[in-house]
Amino acid sequence: MLRGGLRNMMVAMVLWAVWLPPCLGQTTSPSQDGKVKVRLAGYPRKHNEGRVEVFYDGEWGTICDDDFTLTNAHVLCRHLGFVEATSWSHNAKYGPGTGKIWLDNVICGGSENSIEKCVSRGWGNSDCTHQEDAGVVCKDERLPGFTDSNIIEMQVDENRLEKIRLRPLSGIHSGRIPVTEGLIEVKFKGGWGHICNTGWTIKNSRVMCGMMGFPLQRTMAGIPHSSQSVYRIHSVSCTGNEAHLSACTMEFGETNSSAPCPSGGPAAVSCVPGPQFTQRRSRRVKLNSTSTVRLKGGAKTGEGRVEVLNENEWGTVCDDHWNLQSASVVCRELGFGTAKEALTGARMGQGMGPIYMNEVQCHGDEKSLWDCPHKSITAGDCKHMEDASVVCNIPYMGYEKTIRLTGGRTRLEGRVELLHSGGSGVRDWGLICGDGWTSREAMVVCRQLGLGHASSGLRVRRTHIPHQNTKQHILTILFLRISADNSNGFSSVQETWYWDSGNVTEMVLSGVKCKGDEMTLTDCQHHSAVSCKRAGAEFSAGVICSDTASDLVLNAPLVEQTVYIEDRPLHLLYCAAEENCLTQSAAKANWPYGQRRLLRFSSQIHNIGKADFRPRLGRHSWVWHECHRHYHSMDIFTYYDLLSLNGTKVADGHKASFCLEDTQCHEGVSKRYECANFGEQGITVGCWDLYRHDIDCQWIDITDVKPGNYILQVVINPNFVVAESDFTNNAMRCNCKYDGNHVWLHQCHLGDSFSEEAEKQFEHYPGQLNNKIS
C-alpha cells in the first residue's frame with residue numbers, strides 16, 4: 001500500500017479517553033425490546049417455519065388457530081426477524097404442542113410489533129386443544145440488523161426435566177477431564193436426584209453418553225443402592241437413537257418424594273470419548289482421512305456446515321427434512337456425541353460447489369450419513385442457501401480455565417493471558433508474545449474461550465490506565481502504525497492497542513503459529529523456549545472476538561473459463577509498473593518500446609460467511625493512487641503465483657484491493673458497498689466482487705517463463721489481515737499447460753475441496769502431454 005517515501009511512515013491517531021457508563025456501550029437486538037418471546041417448533045420443518053410458541057409468565061405455550069389470519073402471521077414473522085409471512089397453517093400441522101395454550105381468537109391489524117399488541121381473549125383464556133395449534137411459514141429473508149435465527153432443536157419440557165449431569169465416581173478416574181463415567185443426576189424444580197437403574201439398558205447408556213458429548217458407551221457394573229439416593233425417575237426406556245434422554249419414555253416420581261428403587265440402585269454410565277478428547281491426545285489430532293463427512297464454518301468445536309465426500313470432492317447437504325436424528329449420525333461419525341441442534345437455512349454459511357444429498361432421513365443408528373435414506377440432487381432441487389448444519393454435544397474439557405482476556409472494554413476483547421506452570425510448579429498467569437500474531441491465532445483463542453469467531457488479532461502495548469470508577473469503562477487509546485514488514489516484502493499495517501496491563505508482565509509463550517482449527521492455543525506450534533525479539537517484551541498478543549465472521553472463496557471454474565495470454569505494449573503499463581504488477585526484469589526493458597506477456601483471468605470472490613468482509617482500516621487510512629486514480633483499502637488482497645510442479649515459484653503477481661465492492665448479489669440480498677465517490681468498501685454476505693480479466697494487475701507477468709507444465713495458485717487475504725471463519729478455502733489451484741503461445745487450465749479447485757487422495761494426485765501430476773483436456 002505504501003511505497004517510496006511513504007514507507008516506514010508513522011501515522012498516529014489518538015482517540016482521547018472519555019468516561020462512559022457501561023449502558024451506553026450496550027446494544028440490543030429487535031428480540032430484546034421487552035416483547036414476549038416467540039419461537040418456532042415442531043417436525044418436520046425448516047428454520048423459517050413451524051408451530052408458533054410464545055413464552056409468557058415463565059412458561060412456553062401455543063396459539064390456537066381460531067380466527068388466525070395471514071396478517072397475524074406477518075406480525076409473528078417480523079417478531080422473529082423475518083421480513084414477512086408467506087402462509088400459515090392450522091390443525092397442528094407441525095405436531096401438537098404441550099403445556100399452555102396462551103392465546104386464542106387473535107386478530108392483528110398488521111402494524112403491531114408484537115403478538116401481545118393484537119386483540120385476543122387474553123392470556124391463558126382458550127377453549128382449544130393442541131390439535132388446533134397454529135403454525136406459520138416466514139419468507140426466508142432477514143430484517144436488517146436482526147442476527148438471531150430459529151433453530152431446530154430438542155424441545156425439553158422445562159417443567160419436568162431441567163438439567164442432566166454425570167457425577168464422577170470416586171477412585172482412580174476421579175478428577176479427570178473429561179468425565180467419562182459416573183452417576184447420572186437429573187435436576188428438577190425440587191433439586192438433584194438419581195435414576196433407578198432397574199431395567200436400565202445399554203441403549204439408555206448410548207443416549208446418555210451422546211448427550212454428554214461421547215460417541216460410544218461401555219457396559220458398566222451396577223451401583224449399589226445408597227440411603228442418600230433420591231430417585232426422581234424410576235424407569236427409562238430408550239431405543240438408543242434419541243438425541244436427548246427427555247425423548248425417551250420415562251416414569252417420573254412425585255416431586256419431593258424419594259420412592260425406593262426395588263432390586264437396584266442409581267443408574268450410572270461409562271462412555272468412550274472421541275479421539276479429540278482422550279487424555280493422551282496428540283497436539284494435533286487429525287480426523288480419520290477416510291472420513292466422508294466434515295464440518296465447516298463453525299466458530300466452536302463440533303459445529304458447522306455439513307459437507308460430505310463424493311468421488312473425491314466435497315459437497316454440501318440440503319436441509320429438506322433435516323432433523324436431530326440425521327444430525328446426530330454426523331456428530332457421532334466425527335467423534336462427538338449426539339446433535340444438540342440441527343440447523344437449516346445455511347446458518348453456518350453457504351458452501352460452494354456441488355450439493356450431494358437431499359431429504360436425508362436417518363434412523364439414528366447408521367455409521368455414516370451416506371448409509372441413511374436420502375435423495376440425490378437434481379437440477380433446481382436445492383440451493384446453497386439451504387445448506388444443513390449441526391451443533392454437536394461435546395464433552396466438557398475446561399479449556400477456558402487456562403486462558404483469559406484482560407483490560408478490554410467488554411468480555412469479548414482484551415490482552416491474552418495464559419495460565420502456565422512456573423519453575424517452582426506454581427501456576428500463574430503470563431503473556432503471549434505479539435510477534436507474528438494474526439487473526440488465525442486469534443481464532444483459536446476465541447474458540448478456546450467459547451466466544452465465537454475472531455474479529456481481530458492485535459498487538460497490545462503494556463501501559464497502566466488508572467480506573468477512577470470500576471463501574472465505568474475507558475475507551476482504549478488506539479494507534480495505527482504503518483511500517484514496513486521486510487520479512488514478507490510488503491508494507492503492513494499493525495494496530496497497537498493500549499489496555500490496562502494490570503500486574504501480569506512475564507512473557508510465557510512465543511512463536512505461536514496456528515492453522516486456525518485447533519481447539520486450544522497450546523495445540524498450535526510455538527517456541528520450546530520463549531523468544532520475543534521483534535515485538536520485544538513491550539508488545540503482547542490481544543484479540544477481539546465476534547459472534548459472526550466473513551468467509552471469502554474464489555469461483556474456481558470462472559478462472560478456468562476466462563484464462564488467456566496477452567502481449568501488452570509497455571507504453572500501456574506505466575501505472576502497473578508503478579504498483580509493482582510486473583516482474584523485476586521489466587525495469588530493464590526499453591520503455592516505452594517492447595511488450596510484456598501476461599497470463600490474464602477473471603477473479604470472482606464470494607463472501608459465503610455470516611458477516612460482511614471489510615478492510616481492516618477505515619477510509620482515513622486508505623492510500624490514493626493518482627496513476628489509476630483510486631484508493632487502496634488493502635495493500636495485498638490476493639497473491640497470484642505460477643509454480644513449477646515441485647512447488648518452486650517461477651512467476652508471481654499481487655492484487656491490491658483497488659476497490660472492494662458488491663458487483664452482484666444473490667436474489668434477495670441488497671448491495672451495500674460501492675467504490676464510487678469515495679464510498680465504503682467491502683463485500684456483503686451473499687454478494688461477490690468481480691475483478692475482470694481486462695483490468696490492470698489482474699494477471700501474472702510470464703514474460704520470462706519457459707513453456708511447460710505448471711500450477712497456478714491464487715490466494716485471497718493471504719496474510720490473514722482480515723479475520724474469516726475459515727482460511728482453508730482461501731487458496732485455489734489449477735494445473736496449467738503453457739506451450740509458449742497459448743495456455744490451458746484444468747482441475748481448478750479450492751484448496752479444501754478435494755479429498756486428501758485427490759489432492760496428492762494433483763500435486764504429483766506429471767503434466768499435460770498435449771493441449772487436449774479430458
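Is the link of Cys196 and Cys261 left-handed or right-handed? With 70° about the S-S bond, that link is right-handed.

The model is predicted, and local features therefore need pLDDT of at least 70, side-chain atom pairs count only at pLDDT 80 or more, and totals for chains, interfaces and linings use all residues. Residues are numbered from 1 along each chain as its sequence is written, and side-chain values use heavy atoms, with hydrogens and water left out.

**Disulfides**

A disulfide is taken here as a pair of cysteine sulfur atoms within 2.5 Å, and by this rule the count comes to 15 disulfides. Three of them are set out below.

| Pair | S to S distance | Angle about the S-S bond |
|---|---|---|
| Cys77 and Cys138 | 2.0 Å | -85° |
| Cys196 and Cys261 | 1.9 Å | 70° |
| Cys514 and Cys524 | 2.1 Å | 105° |

Helices (H or I, at least four residues) and strands (E, at least two) are DSSP runs, numbered from the N terminus. The left-handed link of Cys77 and Cys138 connects distant parts of the chain, with Cys77 in helix α1 (residues 70–79) and Cys138 in strand β7 (residues 135–138), 61 residues apart. Both of these cysteines, Cys77 and Cys138, are buried, where buried means under 20% relative accessible area, exposed over 50% and partly exposed in between (1.4 Å probe, protein chains only).

The disulfide that joins Cys196 to Cys261 runs between two loops: Cys196 lies in the loop between β11 (191–195) and α2 (202–211), and Cys261 in the loop between β14 (249–252) and β15 (268–272), so the pair ties together parts that are 65 residues apart in sequence. Cys196 counts as buried because its relative accessibility is 2%, and Cys261 is buried as well, with a relative accessible area of 7%.

The link of Cys514 and Cys524 is right-handed. Cys514 and Cys524 both lie in the loop between β30 (507–509) and β31 (539–546), so this pair ties together parts that are ten residues apart in sequence. Cys514 is buried, with a relative accessible area of 2%, and Cys524 is buried at 0%.

**Nonpolar cores**

In soluble globular proteins, nonpolar side chains tend to be buried together. A nonpolar core is a set of buried Ala, Val, Leu, Ile, Met, Phe, Trp, Tyr and Cys residues joined through side-chain atoms within 4.5 Å. The largest such core has 36 residues, and those with the most contacts inside it are Phe637, Leu642, Leu712 and Met732. The elements giving two or more residues to this core are β32 (552–554), α5 (556–562), β38 (638–643), β43 (708–716), β44 (731–738) and β45 (743–750).

Contact means heavy atoms within 4.5 Å. Leaving aside neighbours within four places in sequence, Met732 is in contact with residues including Leu554, Val559, Leu712, Val714, Cys748 and Leu750. A second, separate core of 29 residues includes Leu324, Val360, Tyr399 and Met519.

**His453**

His453 is placed in strand β26 (residues 453–463) and, at 11% relative accessibility, counts as buried. Leaving aside neighbours within four places in sequence, His453 has contacts that include Gly297, Cys446, Cys545, Asp547 and Ser725.
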